[in-house]
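Work through the following exercises with the sequence and the model side by side. Try each task before reading its solution.

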Amino acid sequence: MSDIVVIYHSGFGHTRRVAEYVAKGANATLLEIDQNGDLPESSWEALDKAKTIVFGTPTYMGNASWQFKKFADATSRIWFNRGWQNKLFAGFTNSASPVGDKGCTMAWLQVLAAQHGGIWISLDLLPSNTKAATKADLNVLGGAAGLLVQSPSDASVDEIPSGDLDTATAYGARIADVTSRFK
């Protein structure tokens, strides 16, 4: 069991692929929220034991998927008892559009972490925002709070831009580095 857990929901497989890359970079345990928004009991135990929790969700209609929101609502007892107080948190989101209101989703994930009394780990990568930048570059979407990924609506999971997946791995490595600095 890793000190880092990536908890995610994926509607069509794209967010799952991104979660795998974040987990690879962080040497993290992956936990998937199912299509009904549920988790097995062992997943809750893993989240409780983790030092760092990484949230992952697609952005649908300007926010997290309903399945992820169901998970978030299910953490209210943990919130009330301060069970995740002072844990580290990070997050990522994916949608078909370059913007697609991913910022709203990222802010919502940060608020969820803050409600739990958590400490947020930012992306810490400068954006690739020059005329020469391509989708193969790191952080081409210019995220700061966390990882932003674009998966065009007609793209397979194998067509997620390589720069986004490389950024996911780099973010995972940052999450692992920051996690290692905390007792």
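A residue is called buried when its relative accessible area is under 20%, exposed when it is over 50%, and partly exposed in between, with a 1.4 Å probe and protein chains only. The model is predicted, so local features need pLDDT of at least 70 and side-chain atom pairs count only at pLDDT 80 or more, while totals for chains, interfaces and linings use all residues. Residues are numbered from 1 along each chain as its sequence is written, and side-chain values use heavy atoms, with hydrogens and water left out.

**Exercise 1.** Decide whether Phe89 is buried or exposed, and describe how its ring lies against that of Trp84.

*Solution.* Begin with the ring pairs: rings of Phe, Tyr and Trp (its six-membered ring) pair if their centres lie within 6.5 Å, and planes under 30 degrees apart count as stacked, over 60 as edge-to-face and the rest as tilted. A search of the whole structure finds 8 aromatic pairs. In one of them, Trp79 and Phe80 have ring centres 6.4 Å apart and planes at 55°, so this pair is tilted. Trp79 is partly exposed because its relative accessibility is 40%, whereas Phe80, at 63%, is exposed. Next take Trp84 and Phe89, whose ring centres are 6.3 Å apart and whose planes meet at 50°, so they are also a tilted pair. Phe89 has a relative accessible area of 0% and is therefore buried, and Trp84, at 0%, counts as buried too. Finally, ring pairs link Trp84 and Phe89 into a cluster with Trp44, Phe55, Phe68, Phe71 and Trp108.

**Exercise 2.** Which residues does Val18 touch, not counting residues up to four places away in sequence?

*Solution.* Contact means heavy atoms within 4.5 Å. With that limit, Val18 touches Phe92, Leu147, Val149, Ile160, Leu165 and Ala168.
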